[in-house]
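Let's take a friendly walk through this model, with the sequence and the 3D view side by side.

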Amino acid sequence: MRAMLVALVLLAFALAGAQAQQMYRWVDKDGKVHYTQQQPPPDAKNVRRRTAVSGAADSGDLPYATQLAAKNHPVTLYTSADCAQPCKDARESLKKRGVPFEEVVVGDEKSVENLKRLTGKNQVPVLRVGTQIEVGFEPEGWKSALDIAGYPASGPPVRGRVKADAPKSLPPVKLYTSADCGGLCDEARNVLTARSVKFQEVEVSVSAPESIEELAKVSGNTNVPVLIIGQRVQRGFDAGLYHGLLDAAGFPRAGGKAAPPAGTPPPQ
């Protein structure tokens, strides 16, 4: 009898714990999707209930609502090396909201063609949420697209992952610098050196006009530094983009380790 009583008490605690981990998805009268742990109101539509699997998730895991939205409506951000502030603002808005995303850096001919096929234009940034496309960074439009897809209004900050196919071999790396480039060229050089990347450095100068012509041909202008990784062109210096492009190309991080998963900040 005592054993049965203990079993009933344990069962009650188990049920209570399961109830505490219930997650409801429901749609209100205005068509807005909600994710709550509280039972939805009587007039809620399309109510779905999910009980978390036994064992609490790590605190670093994404909220269930975010996981569900990412599964049903994955997010891709299209940027380019010379997009500058609009792409930076777009990237930061996704990170701040806690939206997991894959970043495609448009630079070579193939990626430009894919972008045109997707949007009809070659303008960046572009946000793709499932099948919905937003061209250009317009905060309200992006917020609406993410709301409709079910992404929570806020969540743990995340880091996008640069998309790349697994390379068969490491692509060649070339860095264009100049004698008067100063700290930016030094920082660009240091990132490559710290990751033990073998690269060819081309010093652009008026005494070597062929170097100026070469840089203008590959970059579209003569400003330095310019990093070339295979077919990808990165104008100017941005440590985060340098690390992202090197990760995407398959270059190991410092110490010979593989690139870390999304969510791990790059070394400085």
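In which sense, right-handed or left-handed, does helix 6 pass helix 8? In this predicted model, the crossing of the two helices is right-handed. To find the place, look for residues 183–194 (helix 6) and 239–249 (helix 8), whose axes come within 11 Å and cross at roughly 35°. On the helix 6 side you will see Ala 188, Val 191 and Leu 192, which meet Tyr 242, His 243 and Leu 246 of helix 8. Sorted by class, this contact has five nonpolar residues, one polar and no charged ones.

Now step from the crossing to the largest nonpolar core, which has 16 residues. Among those with the most contacts inside it are Leu 192, Tyr 242 and Leu 246, along with Phe 251. Strand 9 (173–177), helix 6, strand 11 (226–229) and helix 8 each supply at least two residues of this core, and helix 8 gives the most, with five.

Finally, have a look at the loops. Between helix 7 (209–219) and strand 11 lies Pro 225, joined to Val 224 by a cis peptide bond with omega about 0°. Pro 125, in the loop between helix 4 (109–119) and strand 6 (126–129), is joined to Val 124 by a cis peptide bond too, with omega about 5°. Ser 196, in the loop between helix 6 and strand 10 (200–203), has a positive phi of about 55° although it is not a glycine. Ser 196 counts as exposed because its relative accessibility is 64%, and exposed means over 50%.

Conventions:
Residues numbered from 1 in each chain as written. Predicted model: local features only at pLDDT ≥ 70, side-chain atom pairs only at ≥ 80, totals over all residues. Heavy atoms only, no water. Axes fitted to C-alpha atoms, helices over the stretch in contact; angles between N-to-C directions. Helix = DSSP H or I, 4+ residues; strand = E, 2+ residues; numbered from the N terminus. Left-handed = near helix turned anticlockwise from the far one by under 90°. Contact = heavy atoms within 4.5 Å. Nonpolar A, V, L, I, M, F, W, Y, C, P; charged D, E, K, R; others polar. Core = buried A, V, L, I, M, F, W, Y, C linked by side-chain atoms within 4.5 Å. Buried < 20%, exposed > 50% of the residue type's maximum accessible area, 1.4 Å probe, protein only.
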